[in-house]
Amino acid sequence: MLAFRRILAFSSRIHSYLLALYLFFALLFVLFLYFPVSEILVTFVTACQMVLGWTIFLEGSWIILASVYQFFYSHVACIAPVLMTLLRLGAYFVISIVLDILNTIIVSGFSYGGGTP
């Protein structure tokens, strides 16, 4: 079971690297909102963000399910990978929501009230 815990720790490290790569693409996306670039490049970065987002979510799900399996198989709770995975998933969702808000404000503007008298 030690080998399985090592695989779990390595998967957790890979999950961190995926989040760092997502942060890089998020920074590119924010810079693309400010600087004029080709539409093809924006489409490519958006597609990469989508693929990385699903990969982060699926990898996180695998780590959590593998930790539960490892607990029931060997009766040793690996709490650190689960907590760090939940923290990374939370960071991913916060970053994606902030990017969506920024994109909406830049593309369509900001209005307060919105009602007609």
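Visitor: Among contacts between residues at least 6 apart in sequence, how many join residues at least 24 apart?

Guide: The share is 76% in this chain, a contact being heavy atoms within 4.5 Å. The model is predicted: local features need pLDDT of at least 70, side-chain atom pairs count only at pLDDT 80 or more, and totals for chains, interfaces and linings use all residues. Residues are numbered from 1 along each chain as its sequence is written, and side-chain values use heavy atoms, without hydrogens and water.

Visitor: OK. How many helices and strands are there?

Guide: Three helices and zero strands. Both are DSSP runs numbered from the N terminus: helices are H or I, at least four residues, and strands are E, at least two.

Visitor: Why is the chain more spread out than a compact globule?

Guide: Its radius of gyration is 19 Å, well over the 13 Å that the globule rule gives for 117 residues, so the chain is more spread out than a compact globule. The radius is taken over C-alpha atoms, and the rule is 2.2 Å times the number of residues to the power 0.38.

Visitor: Which residues touch the most other members of the largest nonpolar core?

Guide: Tyr22, Ile56 and Leu99, out of 16 residues. Such a core is a set of buried (under 20% relative accessible area, 1.4 Å probe, protein chains only) Ala, Val, Leu, Ile, Met, Phe, Trp, Tyr and Cys residues joined through side-chain atoms within 4.5 Å.

Visitor: And which helix gives the most to this core?

Guide: H1, with seven residues. H1 (2-34), H2 (39-74) and H3 (79-108) each supply at least two.

Conventions
Buried < 20%, exposed > 50% of the residue type's maximum accessible area, 1.4 Å probe, protein only.
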